[in-house]
Structures are given as structure tokens and as C-alpha cells.
Amino acid sequence: MLEQLLIFTRGGLILWTCKELGNALKGSPIDTLIRSCLLEERSGAASYNYDASGAAYSLKWTFHNELGLVFVAVYQRILHLLYVDDLLAMLKREFSEIYDPKRTVYDDFDETFRQLRMEAEARAEELKKSKPMTKPVNNSKRQGQVQNVGFEGGNKKKGGSDGGDAKSRKMENGHTNGKISTDETKDVVVTNGKENSSSNIGAFDVNKLQKLRSKGGKKTDTLVNKGSTVDPKKKITKKNRVWDDSPTESKLDFTDPVDQNGDENAVIVAADEGESMMDKEEIVSSESETEEDEEMEDSKMETKKKGWFSSMFQSIAGKANLEKADLEPALKALKDRLMTKNVAEEIAEKLCESVAASLEGKKLASFTRVSSTVQTAMEEALIRILTPRRSIDILRDVHAAKEQRKPYVVVFVGVNGVGKSTNLAKVAYWLLQHNVSVMMAACDTFRSGAVEQLRTHARRLQIPIFEKGYEKDPAIVAKEAIQEATRNGSDVVLVDTAGRMQDNEPLMRALSKLVNLNSPDLVLFVGEALVGNDAVDQLSKFNQKLADLSTSPNPRLIDGILLTKFDTIDDKVGAALSMVYISGAPVMFVGCGQSYTDLKKLNVKSIVKTLLK
């Protein structure tokens, strides 16, 4: 039974809802559908599951793109109603005939809906009755056909196939065991006959293995004897490499000097590195020339396919309605282009499906081509996805936390080797430039050298660090660090965590404990811009583990993304799109170098231009 059915415009105006149903829905499935699917370009699947406390709904929808209407049906997921798709299609057809843009009330549509619903339910019942009657007949026919074909084939090709198979087995075994010579294999085949030939050819001669070992042993002995002429008393030292005519360097070790107590005399360099790139505006160069070239190429391809007159006439008169077949070539080209830019294949496919759903049935305007229409729709969709849905102004949130007299806590999470500690130091440097007091928490108690690495950054930036060494519970270390920051009056606590793969259950459990125990204000996922399809797996599994292993009813998930190594990818910027699409979290920082100033914001327009270039 349907729970709710309504028709509304893309602007959000509800035109009609079924009064007969009128069931009070638990939660807000319609609002969630609009926020998470329709606005986020995830409408290609045309179905959505919504879980609320005490209810589980399935939502199906369809668009009338020419009129800008959305038809949504809500029903209990356990029911598996077969007639919903058919009912939505009939509703779309009937309502489009009476739709008037100036009219906002359609009370007279109730009777039409009642008839359409009865018709759709009757069709579904007929399908249910007809399915069990037809299945056995088809299966028996198919089985009879298969048996006859197999019997005839066996009589006709029995002798030829056996001979061919025997030959292929001999060739296969002779090829795989390449150490046995061809003369020896011939002798084996002749003496042993047909049936034992394949097994004997595949057997390994133990005597030959011993001979090979003895030969190899002699060679290694001679090599050892030759190498033993080096005097072991001489200490081998690393020599400086000479590059052309450049003067030789006398120093190879550029680490900070260490005194007798083991304390480093770190040189303070952060003050001399200048303004962070976060506070600089990025200038996007116009790429009109490349876009014009692409348009010329597209127009040439279309004129070749359709001819000059037909393409000219269509561009002037416009096409009646866009169909899926018209959109497929342009969407396929767009999908290939996105994948070459390092967008995950699954994400590229879903985006193209969503764009196709939003354009199907629309009327093509005059003097426009299908390819340019599809590109414009994709550009709008990408801008909508990459633009943050909430404020990402961390400085404002820091000042709000300061007014409440508590530190603002940021936890950096991610897989191994992506640059969490380095980019944590960059964020600390940027916060220091805005007169925010920062404290680091060394909660990576797993990797050797992690505490020392963070200690070096803290000394260079002249900020306090809270550490407890290795083999400690990172959740407890983070809790004590936050308490210390509250006593000392630090504004921000930056928590460094151990790198972990998304499938490592013990480490993911420890991360979930850290997040649940300390309730940080921001959970930042640090990911590489180099990653392709694995971005989907990493983010989805991190979010899934944080949700599954949480003890609270409202688990904390990833709030934002920090993309690292962005300076190494040229135009392969697709990882940003894949990560934002799969998690819904915005890209808050972009690491683009090795110094403390190399941290900037994501320029959405620049990314979209690069993706579609």
C-alpha cells in the first residue's frame, strides 16, 4: 500500500498530493530525497531507501523535464509494490495534459488518480497470475532444446573434438613446463601412449633439479670468493656525488643539530615563510580558446554524421524533445573524459545517468547542439556537487568555541602515507597567522617516528605539543590533550592519528573509540589527489566503520576532506569529485607543496573547467 504520493515543481511548489492516502510519514523522507538525491545529482537510479525510527520507506520518482515536474511515490519497503513504476508513468502522462503553469491547485485530479491506481494494480495482479503459468512451459521447452542440441552435437563432433583436445593438452603442457626439451617430450609421448602423455610431460625430473642446484652452488661460491678480496677492516663511507662542474658539498646531513641530552636545537623557520596560500585569491585563467576548439570539433563530427542541411535545419528549428538515444553519444564522450581525469568509473557513470534523467524529454532550444546542452547540464551538476552545502569557515567556528571557553578539536584521519602530519603542521601555521593559539596532540602511538616528526614541527612553529610516547591508547591521549588545552587556554587542538587501511578492523575500532570518546568539532579525512577508484572504497568504508562501531545513536562521520599532493597531478583532478560525491563532505583544504604556506582552498570553478576540458 502506498504511504504518500505527490507532484511538485522543481522550484519546490507542491501541486497535488493524494488526500486518500494522507498517512503521517515518520521522519522526513521527501526532504531527505530532495537534499541527498535530487540536489546532489544522484537521481539516475530513480529509487531511494529511507530509514527512520520505526519505519523503512522506499521512494520512487520520475521527472517531466519539459514542464519541470517531479512525481514521487512513498511506500513501505517490506511491501515490494510492483505497480509503482507503471503508476508513476501513467500519472506523468495524464497530469502533463492538464498542467497549467498559472494553476496551483488540482483537486479534480483525485478521481483520475483513483482510476489510474486501480488500473495499475489490476495489471500487477495479472502479471502475478501469469508468471507462474508461463515459467514451467518455457523451462521445459528450453531444457528439451538444450538436450537435443547436446545429443546431436555429441554425435557429430565427438571424434574431432577429442583429437583436438588431446593435441591442445599436449601443447599446453609442453609450453608450461618449458625446461623439458622438445625431443624428450616426443619420446615420452611415443612410449607412454595417449592417456599417460599429458601427466608424464607435466612431471618434474628430480635429477635435473639436483644438477641445476649443484651448478648454481658452484657459481655462487665463485662469486663469494671474488667478493671476499675486499678488506673488511676498511670502513665504507658515503661519498658526495659530483654534478658536472658544480663545487662539491662538504655536508650531506641537513638535519637539526642534537645536543648531548638528545634535544634538537631547531631553527625557527616558520616566521620567514610568508603568507599562507589559504589567504590568497587564486586567479583562474580564461580558457575560451580551448572551449571554442572543442565546439568546432563537435560541430564537425555532427555535420559529418548528419549532413550540412539537416544539422543546419535542426539547429535553427530546434528538436522536439530530447530522447535517451540522442543523449547517449554525448554522455559516453563525457564519461570517458571524466575517467581520463581520474574520476572513479562508478561515479562517472552515476553522474551521466543523473544528467540523462534531468535532460530526457526536454525541448532542445534553437541554435544549440545536443553536445553543448549535455556539457552545460554536466557543468551545472558538478558545480552543485563540489560547492559546500554548509559553512566551512573554521576561523568563525574557532571563535564560537572560544566564547564557550572550550578548545576547538580537529582530528586528522586517513590511510597510510597520505601526509596527515605534514598537512596538520600546515593547518597549524595557517591558524597561527590568524592569531589563534594551537596545540598539537601526538595520538599516533603506532608508527615509529611519528611522535618525533610531530615534535619537530611543533618546535619549528613554536607551539606546544602533548605526547605520551608509544603503545598508549590514542583515545585516552587525545582526551588528556583536550583537558590540558582547556587548562592552558589553547584555542585549537590538532589531533594526529595513525594511518590505517580501511579494512584494518582493530585500528578502525581504535579510531571509532577516539572519535566517540572525545566528540571532536571536526573530523578531517586526509586523502591523496593521486588516488582514483580507491577513493570511493576508502571514504565509504571509513564512514561505514565509524557508523557501525559507534555506540551512540547519532554516530560522527567524516565532516570534511583535506586533499594532499595536489601539485603532482596536473589535470587529473577527479579524486576531488569522487571523494565529495561518495561522502557528501566538502573539500576544506588542498595541500599543494612541501612548505608550511602550501595550503589553499579548493577553487570549484577551476576544478569543473579542468574536468570538462
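Is Lys572 buried, exposed or partly exposed? Lys572 is partly exposed, with a relative accessible area of 36%; buried means under 20%, exposed over 50% and partly exposed in between, using a 1.4 Å probe and protein chains only.

Before you click further, some ground rules. This is a predicted model, where local features need pLDDT of at least 70 and side-chain atom pairs count only at pLDDT 80 or more, while totals for chains, interfaces and linings use all residues. Residues are numbered from 1 along each chain as its sequence is written, and side-chain values use heavy atoms, with hydrogens and water left out.

**Stop 1: salt bridges**

Asp571 is buried, at 17% relative accessible area. By this rule the structure has 25 salt bridges.

Now pick Asp86 and Arg123, whose side chains meet in a salt bridge at 3.1 Å, N to O. This pair links distant parts of the chain: Asp86 sits in helix H2 (residues 84-98) and Arg123 in helix H3 (residues 109-176), 37 residues apart. Helices (H or I, at least four residues) and strands (E, at least two) are DSSP runs, numbered from the N terminus. Asp86 is partly exposed at 26% relative accessibility, and Arg123 is partly exposed too, at 38%.

Next, go to helix H8 (residues 324-340) and select Lys332 and Asp336. They are separated by about one helical turn, because they lie four residues apart in that helix. Their salt bridge has its closest N and O atoms 3.4 Å apart. Lys332 is exposed at 54%, whereas Asp336 is partly exposed at 37%.

**Stop 2: the start of the chain**

Select Met1, in the segment before strand E1 (2-9). Met1 counts as exposed, at 52% relative accessibility.

**Stop 3**

Show strands E3 (residues 47-52) and E4, which run antiparallel and are joined by six bridges; two strands pair if DSSP finds at least two bridges between them. Asn49 stands opposite Ser58 in E4. E3 and E4 make a hairpin with two residues between them, and Gly54 in the turn has a positive phi of about 90 degrees.

Carry on to strand E5 (residues 69-76), which pairs with E4 in the antiparallel sense over eight bridges. Here Leu59 stands opposite Val74 in E5. The E4-E5 hairpin has four residues between its strands, and Gly68 takes a positive phi near 75 degrees. Strand E4 (residues 55-64) is largely enclosed by the rest of the structure, because eight of its 10 residues are buried.

**Stop 4: the nonpolar cores**

A nonpolar core is a set of buried Ala, Val, Leu, Ile, Met, Phe, Trp, Tyr and Cys residues joined through side-chain atoms within 4.5 Å. The largest one has 110 residues, and those with the most contacts inside it include Leu351, Met378, Phe412 and Leu431. Helix H10 (residues 370-386) gives the most to this core, with eight residues.

Zoom in on Leu431. Leaving aside neighbours within four places in sequence, Leu431 is in contact with Leu395, Val436, Val438, Val492 and Leu494, where contact means heavy atoms within 4.5 Å.

Key:
A salt bridge is a side-chain nitrogen of Lys or Arg within 4 Å of a carboxyl oxygen of Asp or Glu.
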